[in-house]
Amino acid sequence: MTTQAISPLREAWMQFLRNKPAVFGLVLLSAIILTILYGRFIFSGDPYQIVWAPLSPPGERGYLFGTDFLGRDILTGILKGGAPTLAVGVSAAVLTVVIGIVMGALAGYFGGWMDDLLMRITEFFQVLPALLFAMVLVTLFSPSLYTISFAIGIVSWPPTARLTRAEFLRIRELEYVTAARSIGAGNARIIFKVILPNALPPLIVSAALTVGVAILFEAGLSFLGLGDPNTVSWGLMIGQNRNFLLEAWWPVAIPGLAIFVTVFAVSLVGDGLNDAFNPKLRSR
Amino acid sequence: MRLTRRVLLGVAASALALGAAMAHAQTPRRGGELVIVSGENPRHLNPAVQSGVATAVPGTQIFASPLRVDADWQFHPYLAQSWEWSDDGLALTLNLVENARFHDGVPVTSADVAFSIMTIKANHPFQTMFGPVEAVDTPDEHTAVIRLSQPHPALLLALTGALCPIIPAHVYGDGQAVREHPANNAPVGSGPFRLAEYRPGEQITLVRNDDFFLEGRPYLDGITIRIVRDAATATLSLESGEADVGMVTDASSISRLGAIDGLTVTPRGFEGIGPIQWLAFNTRVAPLDDVRVRQAIAYAIDRDFVLNALMRGVAASQPGPIIASSPFYNADMPQYSLDLDRANALLDEAGHPRGTDGTRFTLTMETVPGRDAALGNVPEYLRSQLREVGINVELRASPDFPTWAGHLASGDFQMSMDIVFNWGDPVIGVHRTYLSSNIREVIWSNTQGYRNDRVDELLALAGQETDMAQRTAYYAEFQDIVGEELPVYWVNALPYHHVFDNRIELPLSIWGLMQSMDEVYWTEDR
Amino acid sequence: MGSARYIVQRLIYGLILMIGVVVLNFFLIHAAPGDAAEVIAGEMGGITEEMMAQIRARYGLDQPIIVQLWTYLSQILTGDLGMSYHFNRPVTELILQRLGPTILLALSAQIFAMIIGTVLGVLASRKPNGPLSGFVAVFSTVGYAAPVFWTGLMLVILFAVVIPIFPVEGMVSARFRGTGWAYAMNVLWHLVLPAATLGILFLAQYARLSRASMIEVLGADYIRTARAKGLGEGRVTFHHALRNAVLPILTVAGIQFGNLISGALLVETVFNWPGMGRLAFDSVLRRDYPTLLGVLFFASAVVVIANLLTDLSYRYADPRIRTGGR
């Protein structure tokens with residue numbers, strides 16, 4: 001027992017940095033986010049503006065990614081469409097994690113009838129066909145970025161809830177929880193201050209992966225014609241250009257690639273976090 | 001000379017093509033099957049109680065109608081071998097062929113004709129088709145007399161194709177509501193083909209009716225209708241020969257198919273439907289209640305850009321409510337071409353100055369779900385284009401059809417981009433959307449809330465006028481008025497095209513595939 | 001607990017879940033603006049107000065919503081899911097026609113993903129830090145990160161335009177009239193692209209899972225014993241170790257089934273595959289309530305049954321659960 005012990009978080013971070021794919025993912029993801037946030041200041045343009053002949057191939061007339069079915073610049077669309085796409089991904093993931101943690105924490109902490117009830121509800125949502133149910137919700141509230149994020153959140157939380165519950169079941173029996181209880185800490189305090197911080201690592205991983213899932217989900221809804229028609233997003237670009245696929249592959253392929261690269265980066269990071277937090281795999 | 005791989009344009013070209021097709025007619029060959037690719041799924045197969053192309057194509061193969069019409073709007077015998085009008089124009093006598101039988105062997109009689117017409121009158125969405133019909137008399141088994149309350153020049157057309165399928169009274173007369181009758185999914189008609197198998201949303205298989213009343217017909221052994229919802233996929237199946245015939249409705253596919261050897265691509269055969277893409281205005285709400293605003297929008301739209309860039313030069317210009325290929329079309333009606341200065345001036349004059357951000361006002365535009373292949377790019381274009389004159393357009397995409405229909409029917413909209421069909425005679429497809437008496441809470445009525453007494457009067461006169469020249473004159477004046485007042489901006493005729501294998505002899509009437517295909521044959525084995 | 005009793009219990013519970021799905025969606029759908037009479041009116045090509053009133057009466061749409069729900073639920077128990085507004089025929093008939101193709105697609109994709117994924121994972125597990133392992137890790141993420149419909153569209157372009165060897169539309173050729181073996185081959189030929197598209201999506205999970213559990217299992221005592229007995233590495237990997245890694249793989253297969261249905265919806269739309277997914281898509285766009293509710297009911301049934309089968313195979317594969325001792 002010499003000087004300072006390395007904190008678990010720091011140790012995980014070191015571990016993460018040793019994981020090459022994860023670091024690559026992180027760099028990629030940072031590049032994407034920076035491009036989306038600042039790219040539009042350097043490259044200002046209106047994604048709705050018709051700039052050149054429809055469906056002209058990449059590179060023609062200096063339009064790096066070509067033009068879409070209306071003759072709008074695809075590069076501008078990718079840059080401007082990135083923010084809404086990521087916003088949907090992140091907000092749906094936040095909703096997913098919030099619902100999942102609340103349900104899972106209550107079920108895992110209190111157990112008994114509460115656990116039974118909440119797990120029945122979770123099972124119910126797992127049986128619901130996710131995409132179909134999201135379509136019903138979006139149809140009901142009419143498509144916008146908000147309703148889409150909401151719908152994705154509503155259908156995606158059960159795995160997070162199960163995970164949280166499992167962590168809570170494990171941790172609530174540990175000594176320090178018993179100790180906290182014995183000094184008279186209230187339930188809320190134990191849940192949020194004692195157990196949750198310790199259950200957090202796997203939940204962070206799951207949240208990261210959910211961002212990717214939500215982006216894919218939004219793309220799927222847009223492809224089916226249930227995207228928000230008044231906001232450019234990558235999924236919407238695919239959906240709108242899909243009818244011209246035989247004539248021009250790039251207006252479909254490029255936004256798809258953008259989604260792919262983003263989700264790919266997100267999942268590399270998520271996997272890296274998973275390995276970093278999970279010492280069992282690490283030791284091998 | 002064979003017309004190969006050419007995208008034929010315009011009415012003049014159509015006439016030329018027809019002449020050419022007739023010139024090289026050969027002796028028809030028996031045998032072979034036809035695969036038709038269709039973008040829409042029919043609700044059922046009985047056109048007597050269901051409008052729409054998806055039902056009409058198989059429906060007209062299964063059911064025969066009293067008359068047929070050709071590519072020049074001329075009528076020919078079908079179930080009726082002859083017909084004559086009474087002198088006062090209030091009775092039409094049909095003399096039926098004597099050897100026609102339904103697919104179940106029961107003879108077709110005048111009672112079936114009377115039953116069919118009265119069923120259609122009571123149930124079909126197009127109320128004007130048989131509106132003036134008071135009764136159908138049946139003096140004998142093979143004579144039917146249609147009695148009218150007023151002269152009805154559209155009647156002959158209403159007896160052709162999908163508008164008047166003769167359905168068996170012994171099947172549909174069993175007391176069940178015809179609209180929901182189980183036989184609509186397993187129809188028994190007297191047409192050239194009978195239903196073999198119907199897999200909803202997937203495939204309709206028709207086989208030759210060996211007992212057809214026209215000797216030696218049909219030439220084909222069968223027709224398969226394959227339902228493919230995605231335009232690109234449908235195009236691929238025509239390209240690869242998986243399908244032989246298709247009705248292609250989007251410009252992108254048409255221009256692609258036009259470049260393929262061995263395929264004929266032609267706009268002929270849609271004169272009857274008369275498919276028009278329009279931008280409808282709700283004339284009851286500000287600022288669209290001001291005719292200057294509507295005209296300004298018309299001046300702000302670049303029709304040439306729509307036709308050449310968006311429609312790839314395969315759609316015809318359509319400046320008015322009556323399809324340009326119709327004999328009633330008035331080529332001298334008011335037209336609007338791109339003039340941004342004039343549009344801006346009109347908007348200033350109407351009291352809508354530009355705000356600090358250059359925007360005058362915001363309008364919402366409804367779009368129909370699931371039709372973006374045919375019209376999706378025009379709403380997007382208008383959103384970009386109307387900004388030029390300071391009008392901000394917001395698209396309101398309804399997630400499903402009933403939501404859209406609800407907005408339109410209840411008047412809860414400002415502008416709407418939609419497709420409307422002429423259906424042959426203006427009485428059927430045009431009157432309904434301009435008559436003030438037809439401002440109703442259902443879609444495809446006068447949902448624009450447009451009122452003009454002279455228009456009401458002209459349409460009433462034209463609907464009863466049997467003299468062609470006089471009738472044309474009434475419609476000409478009608479087109480002048482609505483062209484001036486613009487309850488609707490007619491964007492273009494939709495680029496509907498028939499695409500088929502060159503080896504098929506396919507006579508295309510104004511109804512295209514929506515009339516009996518008993519004369520269709522393969523000129524050589526496929 | 002006896003197996004039979006267990007199955008019955010699970011089935012009853014599953015049925016309750018399915019009815020819950022229907023009730024929830026029933027209320028949601030009816031909360032939307034516009035009503036079914038407008039749907040039917042639109043389907044018929046526009047009709048008069050009187051006809052709409054008739055339709056409302058005929059379909060019971062003029063009744064209070066609770067009465068409508070009650071009628072609907074009592075119909076379900078007799079196997080009647082009502083009439084489709086769009087297809088104008090019994091929903092049960094429509095769905096039964098579409099169920100086969102969807103299950104065929106989902107199972108083929110599942111098997112494709114399971115076999116290839118497991119093989120990749122097992123190979124990777126033999127050298128956990130080797131290049132193959134890294135390749136599997138990245139490659140499996142690739143399959144998962146692309147939107148499934150996009151993968152499908154890209155395959156359509158590739159196989160329809162560049163190398164036209166597989167059909168890109170439908171389940172059977174329109175012109176095909178054969179039966180038996182020839183029919184099966186025709187279907188199989190059409191199945192290749194959709195099944196591969198859907199399978200790629202799930203490849204990742206199987207590859208990772210089998211890699212992880214193999215790493216765990218390969219470290220266990222009995223494997224060391226097997227190695228010590230001098231058994232070949234191939235036999236150790238595929239015979240002894242894999243058998244024990246199969247449990248988690250089965251579990252995931254069951255859980256995946258719900259996602260598989262969602263994926264199938266998109267893939268069916270891309271490839272014009274005549275399954276339930278496309279039916280669902282059509283019915284959402286048309287707001288064909290009876291069909292939509294019917295599809296939701298059947299889709300949740302598929303998930304319930306898949307979960308049950310997973311459970312059962314789990315119990316079979318792991319004797320500890322079967323005997324109840326843990």
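Select chain B and show its C-alpha trace: a compact globule of 526 residues would have a radius of gyration near 24 Å, and chain B, with 23 Å, agrees. That radius is taken over C-alpha atoms, and the globule rule is 2.2 Å times the number of residues to the power 0.38. Along the principal axes, the C-alpha atoms of chain B fill a box of roughly 75 × 55 × 40 Å.

The model is a predicted one, in which local features need pLDDT of at least 70 and side-chain atom pairs count only at pLDDT 80 or more, while totals for chains, interfaces and linings use all residues. Residues are numbered from 1 along each chain as its sequence is written, and chains are lettered from A and ligands numbered from 1 in the order in which they are written.

**Confidence**

Colour chain B by pLDDT, the predictor's confidence in each residue, from 0 to 100. The mean for chain B is 89, and 94% of its residues reach 70 or more. Now select residues 1-23 of chain B, where pLDDT stays under 50. The model has 33 contacts beyond four places in sequence for this stretch; two residues are in contact if their C-beta atoms, placed from the backbone, lie within 7 Å. Where pLDDT is low, the predicted coordinates should not be read in detail.

**Overall make-up**

Switch to a cartoon of chain B, which has 15 helices and 20 strands. Helices (H or I, at least four residues) and strands (E, at least two) are DSSP runs, numbered from the N terminus. Of the contacts in chain B with a separation of 6 or more, 71% are between residues 24 or more positions apart. Of its 526 residues, 57% count as buried. A residue is buried if 20 or more other C-beta atoms lie within 10 Å of its own, exposed if 12 or fewer, and partly exposed in between, with C-beta atoms placed from the backbone.

**Strand β1**

Select residues 33-38 of chain B, strand β1, in which five of the six residues are buried. β1(B) runs parallel to β10(B), joined by six bridges; two strands pair if DSSP finds at least two bridges between them. On this side, E33(B) stands opposite G222(B) in β10(B). β1(B) also pairs in the parallel sense with strand β11 (residues 245-248) of chain B, over two bridges. There V37(B) stands opposite G246(B).

**The core**

Show all chains and turn to the largest nonpolar core, which has 333 residues. Such a core is a set of buried Ala, Val, Leu, Ile, Met, Phe, Trp, Tyr and Cys residues joined through C-beta atoms within 7 Å. The residues with the most contacts inside this core include I36(B), Y489(B) and V295(C). Its largest share, 17 residues, comes from helix α8 (residues 180-218) of chain C. Centre on Y489(B): beyond four places in sequence, this residue is in contact with W278(B), L279(B), I297(B), A298(B) and I301(B).

**Helix α15**

Next select V482(B), in helix α15 (residues 468-485) of chain B. V482(B) is buried because 24 other C-beta atoms lie within 10 Å. Leaving out residues up to four places away in sequence, V482(B) touches P321(B), Y434(B), V455(B) and P487(B). Draw a distance from V482(B) to A469(B): these residues are 13 apart in sequence and 20 Å apart in space, C-alpha to C-alpha.

**Backbone details**

Most residues other than glycine have a negative phi, and most peptide bonds are trans.

- R217(B) and P218(B) are joined by a cis peptide bond, with omega about -10°; P218(B) lies in the loop between β9 (203-208) and β10 (222-227).
- A286(B) and P287(B) are joined by a cis peptide bond, with omega about -5°; P287(B) lies in the loop between β13 (275-281) and α8 (291-300).
- W73(B) has a positive phi, near 65°, and sits in the loop between β2 (67-69) and β3 (75-77). With 17 other C-beta atoms within 10 Å, W73(B) is partly exposed.
- R312(B) has a positive phi, near 55°, and sits in the loop between α9 (303-310) and α10 (340-349). R312(B) counts as buried, with 20 C-beta neighbours inside 10 Å.

**The side facing chain A**

Finally, show chains A and B together: 23 residues of chain B are in contact with 21 residues of chain A. On the chain B side, the elements that give two or more residues are α6 (231-240), α7 (251-258), α11 (372-386) and β15 (391-397). α11(B) gives the largest share, eight residues. By class, this side of chain B has 10 nonpolar, six polar and seven charged residues. Here Ala, Val, Leu, Ile, Met, Phe, Trp, Tyr, Cys and Pro count as nonpolar, Asp, Glu, Lys and Arg as charged, and the others, Gly among them, as polar.
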